[in-house]
Amino acid sequence: MAEVTYLEAIRQALFEEMERDPNVFCMGEDIGAYGGAFKVTEGLQARFGAERVLDTPISETGFVGAAAGAAHMGMRPVCEMQFIDFISCAYSILTNYVATARYRAFLPCPMVVRGPSGGYVRGGPFHSQNPEAAFLHTPGLKIVYPATASDAKGLLKAAIRDDDCVLFFEHKYLYRRIKEELPQGDHVVPIGKARIAREGKDLSIITYAATMWKALEAAEQLEREDGLSVEVLDLRSISPMDDEAIVATVKKTSRVLIVHEDTVTGGIAGEITARINDLAFEWLDAPIKRVAAHDVPLPYAPQLEDFVLPQTGDIVRAGRWVAKY
Amino acid sequence: MAASSATAPSRADSTDLTRDQLLELYYWMRLTRSLEERLVNLYRQTKVVGGLFRSLGQEACAVGSAYALRREDVLSPLIRNLGSMLVKGATPLEVLRQYMAKGDSPTRGRELNIHFGDVEERNFIGQISHLGDMVPVMAGVTLSFKLRREPRVGLVYVGDGATSTGAFHEGINLAAVQRCPLVVIVENNGYAYSTPTSLQCAASRLVDKAAGYGIAGARADGNDVLATYRVTREAVDRARRGEGASLVELTTYRRKGHAEHDNQSYVPAGEIERWTAEDDPLDRYAKVLTGQEGVTAAELEALDTRITGEIDRATDEADASPPPEPRDCLVGIYADPPEAPALWYRDGIRTAVDRHERPAGWGTHDG
């Protein structure tokens, strides 16, 4: 079987779910004839028509709200943010209306909001964001952020079939840079389950999305240069978070480094740290440390962006520190 | 703001309303007013645990417009649309339980006042407090009708205030472009909380916004229940014929404050009194019924008596309803998982520290 890119895996999931369920339809800006800014939806409108691959006005609140309304009526809409940075335009309706619908009104709201996220692409402050932490604080939303092509396909299929709203973050750096052979058949990855990307016994790196690959590089370097056995846990789902897998890796290595691309303050790493404190404090042999982006808007110039974002060398240095503590 | 000239409501030109239906309109309007009066009593007895929102003087707006819908059509009410919800099948018992935060209220005590809905049978959707948000939601509800070729229509209310929001604009524009079968009713009642319409919008007629969206617009006297019914019915019929969205401005007047606590100090002297005396929608409609429609005063009194009895029975039943079970607050945030855990200090300490999983000899605790 041919290898498939992360982007193509997402497109396959959309195709297969639209074939499988006539209630699934896509909404977004320029997703129809043009196929989307990154061509994720290329070919979808030709196959499924303009009503099921629907070009919207520039109105994130408008079409996210409309997705909720359609979802109440039994549809399963998939909204594309042209860049995930623009999800903040729909923040109010997502957190106030969509996230609360089931709880306050027993209204089903099965919908997906997906879009290209993340940096390392010289996108500047408004085409590089990782806003997942902003939504982790809202009960009622689910959040996934896959690192591999296989997980991208399987998690998107699970997200479309989920009975609640799932925010599906796609890392644009990975779109065409990674490829793999995908499992055959109806490949669905359950939401809320982490994956051990690399086994190890001296140090755990807990991460997700593009930094999962940097963590793997760092793990290899630490093994090569320091003889350290490093475990890498790829969370895949941010909400719900796989506490069992987190606790299991902490108990195995007793040393934890958390790595994410989003800014450090108020980021996911702080939440993971608190959970480890609650669930496995006595197993720790070292302070939990974080490697994340500096607390600045993401700048454009390569020299600036590279400084702000976590790099493989940062993970190596931090991992070495935690391992030696 | 001046009361409109106190003309009696006119009978619809080619009305399809029977005498029974004309009386039904009166029933819903009177039920709305009487139920709110009962809620005021319960509020003063502190049995309404939150705020109380009135629609005094706006009953014709709510009832006449909702009456233009079929059962399968979906209605999205706002805080002054108790009457619309009653027309759509909400019951006084549900409303009373909801205001009194009872465990068997439609939202099991999760939401306040008339923030509740039913999309299974009666087809109205619970609103949220963020004004304008229901417009995009209803654009999506009606988009689903269009995609499925269902001959159903959606109706969403906004006030003069909500027309200032981005959500209103994005929602109505999307519905317009997609030719969704949606009727947007702008109830212009003169005030958004304390802010007069003149500080909300520089346009003198909110209906003129329709032109900007390329959709049909109409305007009517919202205190004339038959005019309200007629103008909404035309928009609903147009939507059902596949001719797309429209905007209807209903002019009316909010005689009470934003909520019961509001003393309306910002209202010019005499304004409320003028509307009360000259342009009360129930008084106006009663005159039509007893005049040209030949309804007797005794018939109307009989309806009033029936309504009082219904509200009395519902009040007794709601009063006897149990409060919610506190732990129900953890149920149903998601379909899966179906329930969230209580925080550790509510369920006893179950952390690693408490369980002392590591051997005492490791020295990290006192064993």
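This is a predicted model: local features need pLDDT of at least 70, side-chain atom pairs count only at pLDDT 80 or more; totals for chains, interfaces and linings use all residues.

Biologist: How do you know that chain A may be read residue by residue, and where is its confidence lowest and highest?

Modeller: Chain A averages a pLDDT of 98, and 100% of its residues score at least 70, which is the level that local features need here. Within chain A, the lowest mean belongs to helix 10, at 96, and the highest to strand 11, at 99.

Biologist: What makes helix 2 and helix 8 of chain B oblique, rather than parallel or perpendicular?

Modeller: The axes of helix 2 (residues 59-66) and helix 8 (residues 225-240) of chain B cross at roughly 40 degrees and come within 7 Å. Angles under 35 degrees would count as roughly parallel and 65 to 115 as roughly perpendicular, and the two helices are therefore oblique to each other. The contact is made by A60(B), C61(B), V63(B), G64(B) and S65(B) on helix 2 of chain B, and by V225(B), L226(B), T228(B), Y229(B) and T232(B) on helix 8 of chain B.

Biologist: Which hand does the crossing of helix 2 and helix 8 of chain B have?

Modeller: Helix 2 of chain B passes helix 8 of chain B in a right-handed crossing.

Biologist: Why are the buried residues of helix 9 of chain A said to be on the same side?

Modeller: In helix 9 (residues 243-253) of chain A, the buried residues are I246(A), T249(A), V250(A) and T253(A). They cover an arc of only 105 degrees around the axis, which puts them on the same side of the helix. An α-helix has 3.6 residues a turn, so residues three or four places apart point the same way. What covers the buried residues of helix 9 of chain A includes strands 10, 11 and 13 and helix 10 of chain A, and just after helix 9, S254(A) takes a positive phi of about 65 degrees.

Biologist: What makes the buried residues of helix 10 of chain B line one face?

Modeller: P281(B), R284(B), Y285(B) and L289(B) are buried in helix 10 (residues 281-290) of chain B. Seen down the axis, the buried residues of this helix fall within an arc of 135 degrees, so they line one face. They pack against helices 1, 2, 8 and 11 of chain B.

Biologist: How many residues does each chain bring to the contact between chain A and chain B, and which element of chain A gives the most?

Modeller: Chain A brings 36 residues and chain B brings 39. On the side of chain A that touches chain B, helix 3 of chain A gives the most, with 10 residues.

Terms used
Residues are numbered from 1 along each chain as its sequence is written. Chains are lettered from A and ligands numbered from 1 in the order in which they are written. A residue is buried if 20 or more other C-beta atoms lie within 10 Å of its own, exposed if 12 or fewer, and partly exposed in between; C-beta atoms are placed from the backbone. Helices (H or I, at least four residues) and strands (E, at least two) are DSSP runs, numbered from the N terminus. The arc is that of the directions from the helix axis to the C-beta atoms. Two residues are in contact if their C-beta atoms, placed from the backbone, lie within 7 Å. pLDDT is the predictor's confidence in each residue, from 0 to 100. Axes are lines fitted to C-alpha atoms, for helices over the stretch in contact, and angles run from 0 to 180 degrees between N-to-C directions. Angles under 35 degrees count as roughly parallel, over 145 as roughly antiparallel, 65 to 115 as roughly perpendicular and the rest as oblique. A crossing is left-handed if the near helix is turned anticlockwise from the far one by less than a right angle, and right-handed if clockwise.
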